[in-house]
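Have the sequence and coordinates open alongside.

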Amino acid sequence: MACLLSVCSSSLVFVFATFLLVLARVEWTQQSASLALNHTSIVVIGATGDLAKRYLWQAIFDLYRSRTARGHSFSIYGAARESHVTGRVQLETVLESQVTCADDDCKVSGCNCDEIRKTFVTSCMYRQMSEFEHYKQLCGELNLVTMETGRLFYLAVPSTVYGRIASRINSHCRPSSNAWLRVVFEKPFGRDIESAEELAKNIAVQLSEEEIFRVDHYLGKTTMQSILKFRSLNREWLEPYWNRRFVDRVDIVSAETADCRGRTKFYDQYGVIRDMLQNHLTEAMVLAAMDLPRDARESVVLKDRLLASVHPPMTHSCVVGQYGDYEEHVREDAKEEMRSSSTPTFAACLAQIATSRWNGVPFVLLSGKRLPHRTAYVRIHFRNLNFSAASLGRIDQGSHPHIIFHIQGGELQTPAILVSQKFPKPEIPDGW
């Protein structure tokens, strides 16, 4: 992987940090004398899709507002398969509805966020990018930009087209030798291990490892960033309990009230297990279960070691389901009256980790669409035991203490870390 992502504090604008990281790494490498001379071209492929609507454009606007205030300039393109006329209308609709000035940054700095937003929306250009020639045309435009210091492509599209897009970028969209190139690939990276390995090989032919950024936006959520930080800050009293002697089970949940209408062409290829359990929820499990690392390099080793210790899932350890109208939504999106689907939209799976710390402790991973409540959290259930070590605090007989890393939704509607009062008062990571 080209880097370890450093992510922003807001769970709604995670890509802001991805772009900041790209810019920062290049600035350090080039030792730029003046940020005012920097001009970056950003191309979002899949600009009117679900991921772009919900996250990317707000994040790009936050980046634009932050960096233009310091003299940086941008050329920003949204690209998709639709024709120029249709796509431009769709992009304008997305930008007008999704890009907001919701924070207080400008109250402090004195800028006029509404005016900056208007400038941003009108300056974002749309280009159709469905054919080989479209890449030549767009990148011909980009090559006319003077003083370009970098070019970034964000691929918010299914991984089935990653290889083809990477080939076209390599053939026609490389900047001059004085500018950098970065291509951001969103999860899921392939449909299974074979397709992921084949995809990695194909992309490696087109792009160098330095040019590749593989990201999963879930890692940018505030709570996900804070799990290891919280464990480390409270290591002295928490580590003695963070094991199979005291932990009864661990629940890792991401429930959504939304359905898949309008997205089934993508969703029906993957389903809930590939879309949620094998990336988002597995990453949350790793952060909760891994040994505490001393630094980023050791973190990678310990994560790999933990994953290697997870028992392969068995069919009897999972329950899957599908919400009632899913097939109807598939038929609507595909425009095929007889279309059927067995793709699961709900799954609850039991994971077992064969380590001395966790052997025998069930990790329950649960996710689904159109559920009664929208919520996401990691909940550590401790056993009904009397913790009597005075230096570690007491938990009375009969209580069931827990620690919850609340990610989003639920009654709180905000990220939080909840700790039973029976535990010692914890230290909380900065930024909360």
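C318 is partly exposed, at a relative accessible area of 21%. The coordinates come from a predicted model. The disulfide partner of C318 is C349, with the two sulfur atoms 2.2 Å apart. C349 counts as buried, because its relative accessibility is 11% and the cut-off for buried is under 20%. The torsion about the S-S bond of C318 and C349 is about 120°, so this disulfide is right-handed. The pair links distant parts of the chain: C318 sits in strand β8 (residues 318-321) and C349 in strand β9 (residues 346-351), 31 residues apart.

The count comes to three disulfides. Their geometry is set out below.

| Disulfide | S-S distance | S-S torsion | Handedness |
|---|---|---|---|
| C101 and C113 | 2.0 Å | about -85° | left-handed |
| C139 and C173 | 1.7 Å | 85° | right-handed |
| C318 and C349 | 2.2 Å | about 120° | right-handed |

Where do C139 and C173 lie? C139 is in helix α6 (residues 132-142), and C173 is in the loop between α7 (162-172) and β5 (180-186), so the pair ties together parts that are 34 residues apart in sequence. C139 is buried, with a relative accessible area of 0%. C173 also counts as buried, at 0% relative accessibility.

C101 lies in the loop between α3 (84-98) and α4 (105-109), while C113 belongs to helix α5; the pair therefore ties together parts twelve residues apart in sequence. C101 counts as partly exposed at 27% relative accessibility. C113 is buried at 10%.

Two further cysteines are buried: C124 has 1% relative accessibility, and C260 has a relative accessible area of 0%.

C113 also takes part in a helix contact. Helix α2 (residues 50-68) and helix α5 (residues 113-123) cross at roughly 115°, their axes coming within 11 Å. The crossing is right-handed. From α2, the residues W57, I60, F61, Y64 and R65 meet C113, I116, R117, T119, F120 and S123 of α5. This contact divides into seven nonpolar, two polar and two charged residues.

How are α11 and α13 oriented to each other? Helix α11 (residues 264-289) and helix α13 (residues 326-334) pack at an angle of about 130°, with axes 9 Å apart. The two helices are therefore oblique to each other. T264, K265, Y267 and D268 of α11 meet Y326, H329, V330 and D333 of α13. Here the contact residues are three nonpolar, two polar and three charged.

Methods: Residues are numbered from 1 along each chain as its sequence is written. This is a predicted model: local features need pLDDT of at least 70, side-chain atom pairs count only at pLDDT 80 or more; totals for chains, interfaces and linings use all residues. Side-chain values use heavy atoms; hydrogens and water are left out. Axes are lines fitted to C-alpha atoms, for helices over the stretch in contact, and angles run from 0 to 180 degrees between N-to-C directions. Helices (H or I, at least four residues) and strands (E, at least two) are DSSP runs, numbered from the N terminus. Angles under 35 degrees count as roughly parallel, over 145 as roughly antiparallel, 65 to 115 as roughly perpendicular and the rest as oblique. Contact means heavy atoms within 4.5 Å. Ala, Val, Leu, Ile, Met, Phe, Trp, Tyr, Cys and Pro count as nonpolar, Asp, Glu, Lys and Arg as charged, and the others, Gly among them, as polar. A crossing is left-handed if the near helix is turned anticlockwise from the far one by less than a right angle, and right-handed if clockwise. A disulfide is a pair of cysteine sulfur atoms within 2.5 Å. Buried means under 20% relative accessible area, exposed over 50%, partly exposed in between (1.4 Å probe, protein chains only).
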